[in-house]
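Hi,

Here is the model I promised to pass on.

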Amino acid sequence: MHAKTTQPKDPNLYNGDVLNVHDPKANGKKMYIESYGCQMNFSDSEIVASILADAGYSTTNDLKHADLVLVNTCSIREKAEQTVRNRLEQFNSVKKSNPKLKVGVLGCMAERLKSKFLEEEKIVDLVAGPDAYKDLPSLVKEVEEGRDAVNVILSKEETYGDIRPVRLQSNGVTAFVSITRGCDNMCTFCVVPFTRGRERSRDPKSIIKEINDLAEKGYKEVTLLGQNVDSYLWYGGGPKKDFRKASDLQKKTAITFDKLLDMVAIEQPKMRFRFSTSNPQDMTSDVLYVMQKHKNICNYIHLPVQSGSDRVLEAMNRQHTRAEYIELIDHIRAILPDCGISQDMISGFPNETEEDHQDTLSLMDYVKYDFGFMFMYSERPGTPAAKKLEDNIPESVKKRRLQEVVAKQQQHGLYRTQQFVGKTVEVLIEKESKKSSEHWSGRNQQNTVVVFPKENFTVGDFVNVKIESCTSATLIGKAV
Ligand code: SAH
Ligand code: F3S
């Protein structure tokens, strides 16, 4: 699950107050929310906006109008935290000229640093972890009354299934719907299991309801979100770990991820569906066959691998080998020959040798990913890797290896986009192209950006586009 680390700046977006100014519940107060990190955070901010709307707060995109600033934060790498800290410092200085302004920190950094923000750093008024958002109205009230407020309790059940998210910064065409929260995988480098807690699945009825709601509002594409969507499991309530204790009937009628995909694809046949993220060890053939069966489930899988070396995969506690991953890739290509596949990679994990690094490059040569998200290893306090392994790859080596991985990915990206030249692809128009006001920008099934002349089309249209040229990340064509 990825998104850019700052709020998307989209020229098509309405840049002002976005919500319920005339809502009878509105109390005249306004909140400004900024999200960093993964798509789940952007999606969570929409849940927060909904919860606070019920407490009377409308949302503003203009900081000058805000009574409350909320920053939904990311802890995944040190750099992400540093970006947020700098931003909090800025808000803190705004507070000096506007002492009534309150600042709150949400999300993974809130969970990781807890009351440290209030007690040691004193740069925020409110701290709420990812499972505490329903408590925000009372936390905000405390802050309004002049007390600091904190709730970082993690839950085994909370899925916010009953909340109708307020779509923020939306293009009105694509939306995220979360289906699971938390993660039980314990990859040794990763802070997510600590900041987002145990994995839990959301009631499929509430997922379908949210999707139907979006369809009614004119949305055309939904991305189902979870740290590990393939392990989605609903069997009439209760956490996944208790599934062994479920009744026979519950077991037989349990809803797994392939079934959920089937359900949503049938429920809204005109909508496009995507999902993120898939974990290699949990991906099933059933999911691939459901993708094959439904044209409206996009042929695209984000399948992070992190490393191509068995030794490193094991040290990372990834639950598969290089050979098994390759087998899975072959299996995907056999069932879905034109499926887009993307990766996440980490360069410079503790003890990574030059040979391990070469294994990563050769795995990339095998798969030829359409695109990827590549990072230098960043040690996160409290993770198993931080406790057991020394962060012993020099920065310069990490950087050089990362550059080699990125260069390789660019090569493969170009190889993949070139395969589309001369072909016609279906594109959902999302917005105006960043580079030209005369072109639309959208994505094909494989999640590659496609740019083409506007003609008489409009945002939200599905258009068949014949691809004429490409860069390593973009297809350029003309509607046919
Ligand atoms: N399952 C999640 C993973 C979230 S983290 C998902 O839905 O995508 C996203 C990516 O960040 C990971 O796949 C990994 O490549 C990278 N990452 C996580 N922890 C990291 C760390 N400590 N240093 C560098 N990169 C990291
Ligand atoms: Fe992190 Fe691994 Fe889960 S990368 S989010 S622990 S699948």
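Thr277 sits in the loop between S13 and helix H10 (285-293), where helices (H or I, at least four residues) and strands (E, at least two) are DSSP runs numbered from the N terminus. The bond to look at there is the cis peptide joining Ser276 and Thr277, with omega at about 10°.

Before going on, some housekeeping: this is a predicted model, in which local features need pLDDT of at least 70 and side-chain atom pairs count only at pLDDT 80 or more, while totals for chains, interfaces and linings use all residues. Residues are numbered from 1 along each chain as its sequence is written, chains are lettered from A and ligands numbered from 1 in the order in which they are written, and side-chain values use heavy atoms, with hydrogens and water left out.

Back to Ser276: this residue of S13 stands opposite Leu225. Strand S10 (residues 221-225) and S13 run parallel and are joined by 5 bridges. They belong to an open sheet of 3 strands, ordered S7-S10-S13, with parallel pairing (two strands pair if DSSP finds at least two bridges between them). Its edges are strand S7 (174-178) and strand S13 (272-276), each pairing on one side only. Ignoring direction, neighbouring strands here are turned by 25° against each other on average; axes are lines fitted to C-alpha atoms, for helices over the stretch in contact, and angles run from 0 to 180 degrees between N-to-C directions.

Two helices go with this sheet. H7 packs on it, touching S7, S10 and S13, and its direction makes about 170° with that of S7 (contact means heavy atoms within 4.5 Å). Helix H9 (residues 257-267) lies across S10 and S13, at about 155° to S13.

Is Glu210, buried or exposed? Glu210 is part of helix H7 (residues 204-216), and it is buried because its relative accessible area is 9%; buried means under 20%, exposed over 50% and partly exposed in between, with a 1.4 Å probe and protein chains only. Not counting residues up to four places away in sequence, Glu210 touches Pro165, Arg167, Phe176, Val177 and Arg202.

On to the cores, each a set of buried Ala, Val, Leu, Ile, Met, Phe, Trp, Tyr and Cys residues joined through side-chain atoms within 4.5 Å. The largest has 48 residues, and Leu224, Phe257 and Phe275 touch the most other members. Helix H12 (residues 322-335) gives the most to this core, with 6 residues. There is also a second, separate core of 23 residues, including Val48, Ile51, Leu68 and Leu106. Apart from neighbours within four places in sequence, the contacts of Phe257 are Ile179, Leu224, Val229, Asp230, Tyr232, Phe275 and Val287.

Leu106 turns up again as the bridge partner, in S4, of Asn72. Strand S3 (residues 68-73) pairs with S4 in the parallel sense over 5 bridges. Strand S4 (residues 102-106) is largely enclosed by the rest of the structure, because 4 of its 5 residues are buried.

Then there is the barrel: 5 strands, closed, running S17-S18-S19-S21-S20 with mixed pairing. Its neighbouring strands are turned by 55° against each other on average, direction ignored. Strand S18 (residues 439-443) and strand S19 (residues 449-453) pair in the antiparallel sense over 5 bridges, with Val451 in S19 as the bridge partner of Ser441. Helix H15 (residues 395-420) packs on the sheet, touching strand S17 (424-432), strand S20 (462-470) and strand S21 (474-479), and makes about 120° with the direction of S20.

Ala473 lies in the loop between S20 and S21 and is partly exposed, at 47% relative accessible area. Beyond its neighbours within four places in sequence, Ala473 is in contact with Thr417, Thr448 and Val449. From Ala473 to Leu414 is 59 residues in sequence and 6.9 Å in space, C-alpha to C-alpha.

Last, ligand 2. The residues around it (a heavy atom within 4 Å) include Cys183, Met186, Cys187, Cys190 and Arg318. Met186 is in the loop between strand S8 (180-181) and helix H6 (192-196), and its phi is positive, near 55°, in a residue other than glycine.

Cheers
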